[in-house]
Amino acid sequence: MKSALIIISCFCFIVFVLTNCMNFRKSTKSLEKEFSKTNHDINISYHDFNGQQMRYLHYDQKESLPTLIFVHGAPGSSSSFLPYLKDSSLNNDFNIVVIDRPGYGYSDYGTYYPIATQADWLTNFVEKQFSNTSVFLIGHSFGGPVVSHAAQRLDNKIKGTIMIAPALDPENEKYFFGGKLAYHKPTRWLFSKAWQVSADEKYQHAAELKKLEHLLGQIKTPVLHIHGTNDKIAPYVNLSYSQTHFNPDFISIYSWDNQGHLIPFKEQEKTIEIIRNFVAKCLLPQTN
């Protein structure tokens with residue numbers, strides 16, 4: 001009897017953690033409380049697209065500064081890039097914007113959206129909200145394909161795109177046991193909506209990437225692909241994929257020795273340095 005109670009208690013605890021604690025998002029109230037301890041007053045705004053709201057976090061915009069828009073992976077939310085939003089060195093020189101990708105955070109949480117639709121959201125967001133600044137898109141992991149396809153749509157309306165450990169290659173999509181549990185009906189209910197959407201995205205991802213593959217070569221603004229040689233989530237071979245499918249006149253690569261998938265969070269200082277160098281290069285006056 002005692003053993004049965006222990007098993008039931010452990011099961012209930014696991015269910016609670018998976019469905020409640022691991023939702024990967026922060027409410028407006030919790031964000032305001034968190035930022036009240038800093039020197040910045042956070043702006044929490046919503047962008048309407050086709051009747052749905054996309055939440056994004058930012059400070060007051062300065063049109064004289066370039067704008068960096070960060071797009072998280074899966075599962076995740078704008079919370080993933082809060083350390084960048086809080087970084088005072090970045091905020092002195094850039095407008096920093098972090099979004100809740102469609103289906104995550106507080107952007108129609110729990111609803112699955114294909115890559116193309118997410119790219120449409122991001123394209124409309126840039127066109128409506130940031131037409132007066134020099135915009136750079138920065139996407140991590142599953143955010144990588146979203147920013148690249150938004151870049152193709154936006155053309156010269158942005159200055160450049162950075163993909164960090166992007167999952168781009170449809171022939172090298174990694175699948176994991178936990179994702180299977182969050183995807184299939186018998187066990188899906190155990191997981192938070194963030195995990196469920198992540199699983200939905202994972203199991204459609206390769207087919208969507210293949211369908212959109214031909215568009216990558218049409219990007220005519222600078223693209224930087226950063227990838228760690230020890231990445232076990234989005235394999236290092238994704239770097240070769242970019243070299244093959246992007247226009248060679250616009251793609252550049254940064255191969256990061258002995259780094260894994262979580263580069264922007266484990267190596268924030270160095271990542272910021274790379275971002276700064278890329279932006280500075282893109283903003284140099286063009287010569288004939």
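## An exposed asparagine and a buried serine

Asparagine 258 is exposed, with a relative accessible area of 61%, where exposed means over 50% relative accessible area, buried means under 20%, and partly exposed lies in between, as found with a 1.4 Å probe on protein chains only. Asparagine 258 sits in the loop between E8 and helix H11 (263-266), and its phi is positive, about 60°, although this residue is not a glycine. The names of helices (H or I, at least four residues) and strands (E, at least two) refer to DSSP runs, numbered from the N terminus.

Serine 141 also has a positive phi, near 55°, in a residue other than glycine, but serine 141 is buried, with a relative accessible area of 7%. Its place is the loop between strand E5 (135-140) and helix H6 (143-154).

## The model and the chain as a whole

This is a predicted model, in which local features need pLDDT of at least 70 and side-chain atom pairs count only at pLDDT 80 or more, while totals for chains, interfaces and linings use all residues. Residues are numbered from 1 along each chain as its sequence is written, and side-chain values use heavy atoms, with hydrogens and water left out.

The chain has twelve helices and eight strands, and buried residues make up 51% of its 288 residues. Of the contacts (heavy atoms within 4.5 Å) with a separation of 6 or more, 75% are between residues 24 or more positions apart.

Two strands are said to pair if DSSP finds at least two bridges between them. E5 and E6 run parallel and are joined by five bridges, with histidine 140 standing opposite isoleucine 164 in E6. Strand E6 (residues 160-164) pairs in turn with E7, in the parallel sense, over four bridges; here threonine 161 has valine 223 as its bridge partner in E7, and isoleucine 162 stands opposite leucine 224 in E7. E7 is then joined by six bridges to strand E8 (residues 251-256), and these two strands run parallel, with glycine 228 opposite tryptophan 256 in E8.

In a regular strand the side chains alternate between the two faces of the sheet.

In helix H2 (residues 28-35), Leu31, Glu34 and Phe35 are buried. Seen down the axis of H2, the buried residues fall within an arc of 90° (taken from the directions from the helix axis to the C-beta atoms), so they line one face of the helix. Lys29 and Lys33, on the other side of H2, are exposed. The cover over the buried residues of H2 includes strand E1 (43-49), strand E2 (52-58) and helix H3 (82-86).

Lysine 86 lies in helix H3 and, at 30% relative accessibility, counts as partly exposed. Leaving aside neighbours within four places in sequence, the residues in contact with lysine 86 are Glu34, Phe35, His40, Tyr59 and Asn91. Lysine 86 and asparagine 39 are 47 residues apart in sequence, and their C-alpha atoms are 9.1 Å apart in space.

## A cis peptide bond

Alanine 74 and proline 75 are joined by a cis peptide bond, with omega about -15°. Proline 75 belongs to the loop between strand E3 (67-71) and H3.

## The second largest pocket

The second largest pocket holds about 280 Å³ of space. Of the 14 residues that line this pocket, the closest to its centre are Pro222, Ser252, Phe278, Lys281 and Cys282. E7, E8 and helix H12 (268-282) each supply at least two residues of the lining, and H12 gives the most, with five residues.

On a 1 Å grid over the protein atoms alone, a pocket is an open set of points where a 1.4 Å probe fits, with protein on both sides within 12 Å along at least five of seven lines, and lining residues have an atom within 4 Å of a point. Grid points are joined across faces, edges and corners, and the volume is the space filled by probe spheres set on the points.
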